[in-house]
Amino acid sequence: MNHYKSWSGLNNQLTDFLCDEFKDRISFFLTRYHKVHDAYGRAAILLDGKELVCFSWIESYHRYNILYEAHEKNGVRWDYYTPEMIEKWNENAIYSDWNFLSAATSFLEMPIDAALKSDDYVIRIFAILDRRVGKRTLKKIKEQGDYQTLPEWVKQFYELRLSLLKMP
């Protein structure tokens, strides 16, 4: 994960990249539980104060359980993630607050075109909400319809942004 100085600074950067229609509607949330072992935390993306997706330390345990099962049943190395594991994590938003932070810092350092095509769904969420994504790109995304195959928790952000697009 790339380093960041403070959550408020990172949050301001993410918010600055939001398209005008979402500047006052989308917000990002992060908290750390410093008194808990390993300073676990929780992150979320909210629309009008309603949580659309959450990234929590609890999800780290879900990931660990999936990895443990694969290790015990199939002898999979502890540091190896099978495509099936990754697919299950992606489909069910099994991401921790650290995954959110890693995606946020990576997003801020990459071109918008790369972010829109990223394998990391959280980066793609940041990208589709980004002000640098213009009408032509949005029309192309809508016409191609590839976003329809994304997991529901990701697709909702595409639908939200594309709902603002006026197309004949």
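Which residues line the largest pocket? In this predicted model, the lining is made up of D113, L116, K117, R124, T137, K140, I141, Q144, G145, D146, Y147 and Y158, and the space in the largest pocket comes to about 360 Å³. A second topic of this briefing is strand β2, which spans residues 41–47 and is joined by bridges to β1 and to β3.

**The largest pocket**

- Two helices, α5 (112–116) and α7 (135–144), each contribute at least two residues to the lining of the largest pocket.
- Helix α7 provides the largest share of that lining, with four residues.
- Sorted by class, the lining of the largest pocket holds five charged, four nonpolar and three polar residues, and the residues named in it include D113, K117 and R124 as well as L116 and I141.

**Strand β2 and its partners**

- Strand β2 is mostly covered, in that six of its seven residues are buried.
- On one side of the pairing, strand β1 (residues 26–32) runs antiparallel to β2 and is joined to it by seven bridges, and T31 has R42 in β2 as its bridge partner.
- Strand β3 (residues 50–56) also runs antiparallel to β2, with six bridges joining the two strands, and here K50 in β3 stands opposite L47.

**The β2–β3 turn**

- Strands β2 and β3 form a hairpin that leaves two residues between them.
- Within that turn, D48 has a positive phi of about 50°.

Key:
Residues are numbered from 1 along each chain as its sequence is written. This is a predicted model: local features need pLDDT of at least 70, side-chain atom pairs count only at pLDDT 80 or more; totals for chains, interfaces and linings use all residues. Side-chain values use heavy atoms; hydrogens and water are left out. On a 1 Å grid over the protein atoms alone, a cavity is a set of points where a 1.4 Å probe fits but cannot get out, and a pocket is an open set with protein on both sides within 12 Å along at least five of seven lines; lining residues have an atom within 4 Å of a point. Grid points are joined across faces, edges and corners, and a volume is the space filled by probe spheres set on the points. Ala, Val, Leu, Ile, Met, Phe, Trp, Tyr, Cys and Pro count as nonpolar, Asp, Glu, Lys and Arg as charged, and the others, Gly among them, as polar. Buried means under 20% relative accessible area, exposed over 50%, partly exposed in between (1.4 Å probe, protein chains only). Two strands pair if DSSP finds at least two bridges between them.
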